[in-house]
Amino acid sequence: MKIGMIGSGMIARAVAELALKKGHEIMFSNSRGPETIFTLRRTLGCQAGTVQAAIEFGDVIMIAIPLFACSQLPAHLLKDKTLIDANNYYPERDGHIHELDSHAMTTSEMLAKIIGTSHIVKAFNAIAATDVHRAGKLDGSDKLRSLPVAGDNETDKKKVAEFIRSLGFSVVDAGTLKDSWRFEAGTPVYCVPLDADSLKEQLVRTSR
């Protein structure tokens with residue numbers, strides 16, 4: 001699968017490194033231009049391009065930039081693509097956003113509103129970059145670590161789930177984008193390694 005990365009931070013790099021080992025193709029991009037990702041391209045063996053090039057390249061696009069920067073995304077290029085939203089809301093970084101503070105919408109619903117698309121899948125926001133390299137292995141268990149996904153489009157969820165499973169994880173469908181608050185930053189499952197059964201149980205028990 002071809003993955004276009006918008007953002008080159010820790011989670012994007014961790015997912016890309018594992019994906020490359022599993023035979024996927026990666027093109028990185030960021031707001032500063034491909035020349036700023038030169039070292040990353042050489043160390044990982046990935047491609048680097050403009051944001052537009054990465055969008056055109058990818059079967060799936062992973063958005064891994066700070067939430068406050070999402071308003072700068074080229075919505076007209078993204079709206080028909082399958083998008084992985086790996087964002088989290090941190091008020092100390094992003095500033096206070098009333099719709100999120102009041103729980104009127106989730107971070108992914110906000111991104112969907114910005115871009116004007118129903119093709120967003122919330123994923124990879126609830127795992128630490130350092131844990132991605134473990135490729136689904138849980139300490140003291142023969143079960144796989146499970147990652148939650150949420151989205152409004154079943155076809156897109158299946159595509160993203162297929163990608164996640166190819167990296168060695170299992171997947172739990174956590175519902176629609178409206179339900180994705182259950183694994184946003186600060187919830188009991190956020191960055192906690194759990195197998196599928198435990199993750200399902202904790203998602204159901206999570207309250208705001």
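**Close-up views of a predicted model**

View 1. At 1.5 Å a residue, the twelve residues of helix H1 (residues 10–21) should span 16 Å, and the end C-alpha atoms are 17 Å apart, which agrees; the expected span is 1.5 Å times one less than the number of residues, and helices (H or I, at least four residues) and strands (E, at least two) are DSSP runs numbered from the N terminus. This is a predicted model, in which local features need pLDDT of at least 70 and side-chain atom pairs count only at pLDDT 80 or more, while totals for chains, interfaces and linings use all residues. Residues are numbered from 1 along each chain as its sequence is written, and side-chain values use heavy atoms, with hydrogens and water left out. Within H1, Ile11, Ala12, Ala14, Val15, Ala16, Leu18 and Ala19 are buried, where buried means under 20% relative accessible area, exposed over 50%, and partly exposed in between (1.4 Å probe, protein chains only). The cover over these buried residues includes strand S1 (2–6), strand S2 (25–29), helix H2 (38–44), strand S4 (60–63), helix H8 (129–132) and H9, a contact being heavy atoms within 4.5 Å. Just after H1, glycine 23 adopts a positive phi of about 95°.

**View 2. The nonpolar cores.** The largest nonpolar core has 36 residues, and those with the most contacts inside it are Met5, Val15, Phe28, Met62, Phe124 and Ile164; such a core is a set of buried Ala, Val, Leu, Ile, Met, Phe, Trp, Tyr and Cys residues joined through side-chain atoms within 4.5 Å. Two or more residues of this core come from each of S1, H1, S2, S4, H8, S7 and H9, and H1 gives the largest share, seven residues. Apart from this core lies another, of 21 residues, among them Ile65, Cys70, Leu73 and Met105.

View 3. Eight strands form an open sheet in the order S3-S2-S1-S4-S5-S6-S7-S8, with mixed pairing, two strands being paired if DSSP finds at least two bridges between them. Strand S3 (47–48) and S8 stand at the edges, each with a single partner strand, so one side of each is left without a neighbour in the sheet. Strand S7 (residues 146–151) and S8 run parallel and are joined by four bridges, with valine 149 opposite aspartate 173 in S8. H9 lies across S1, S4, S5, S6, S7 and S8, running at about 155° to S8; axes are lines fitted to C-alpha atoms, for helices over the stretch in contact, and angles run from 0 to 180 degrees between N-to-C directions.

**View 4. Salt bridges between elements.** The structure holds ten salt bridges, each a side-chain nitrogen of Lys or Arg within 4 Å of a carboxyl oxygen of Asp or Glu. In one of them, lysine 122 pairs with aspartate 85, the closest N and O atoms being 3.1 Å apart. Lysine 122 lies in strand S6 (residues 120–122) and aspartate 85 in strand S5 (residues 82–85), so the pair ties together parts that are 37 residues apart in sequence, and both residues are buried. Lysine 157 and aspartate 173 also meet in a salt bridge (2.8 Å, N to O). Here lysine 157 counts as buried at 5% relative accessibility, whereas aspartate 173 is partly exposed at 45%. Glu154, Lys157 and Asp173 are linked in a network of salt bridges.
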